[in-house]
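Please examine the sequence and the model before reading on.

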Amino acid sequence: MVRDPGPGGAERVLLDPHALDPSGRTVLDAWQPSLEGDLLACQLSRNGTENSELSVIDVATGKTVDGPVDRVRKSSLGWLPGGRAFYYVRPLDPRLNPGEERHHRRVWLHRLGTAPHTDVLVFGEGGRGPILQRGGDR
């Protein structure tokens with residue numbers, strides 16, 4: 001639910017998983033508003049997998065403006081000022097380490113309007129400190 005700005009602003013539903021999937025098998029796992037409050041990052045999972053997809057919704061219109069980014073199970077998310085980018089946690093492509101998918105998580109920088117495979121790897125490669133690489137599907 002959100003309340004429109006101004007005195008007596010109307011309350012309205014911004015995101016209803018049941019409206020997206022009347023079967024009831026879609027769950028809102030997490031959500032994080034941008035610092036300015038005009039965007040909402042949300043993580044939805046389907047069919048009990050808890051393997052969320054992250055999308056960004058424009059709060060004023062309710063329209064999806066970015067995403068989905070897959071494989072963001074229980075990801076922390078940190079918006080940058082201005083709402084054009086955020087940091088998030090995502091494991092490497094599971095094909096790279098079969099059976100160990102959950103052990104290879106990295107911190108990525110995502111800029112709205114760009115494809116997840118171009119996200120910048122910020123932290124986690126080889127257990128060392130901060131780095132900068134492109135390629136969210138690594």
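Q: Which residue stands opposite Leu-40 in S4?
A: The model is predicted, so local features need pLDDT of at least 70 and side-chain atom pairs pLDDT 80 or more, while totals for chains, interfaces and linings use all residues. Residues are numbered from 1 along each chain as its sequence is written, and side-chain values use heavy atoms, with hydrogens and water left out. Strands are DSSP runs of E with at least two residues, numbered from the N terminus. The residue opposite Leu-40 is Pro-33.

Q: Which residue takes a positive phi in the hairpin of S3 and S4?
A: This hairpin has 5 residues between the strands. The phi in question is near 85 degrees, and the residue is Gly-37.

Q: Which residue in S5 is the bridge partner of Ala-41?
A: S4 (residues 39–46) and S5 (residues 53–58) pair in the antiparallel sense over 6 bridges. In S5, Glu-53 stands opposite Leu-44. The partner of Ala-41 is Val-56.

Q: Which strands stand at the edges of the sheet?
A: The open sheet has 4 strands in the order S3-S4-S5-S6, with antiparallel pairing. Each edge strand has a single partner strand, so one side of it is left without a neighbour in the sheet. These strands are S3 (26–33) and S6 (64–69).

Q: How many residues of S4 are buried?
A: Buried means under 20% relative accessible area, with a 1.4 Å probe and protein chains only. S4 is largely enclosed by the rest of the structure, because its buried residues number 7 of the 8.

Methods
Two strands pair if DSSP finds at least two bridges between them. Buried means under 20% relative accessible area, exposed over 50%, partly exposed in between (1.4 Å probe, protein chains only).
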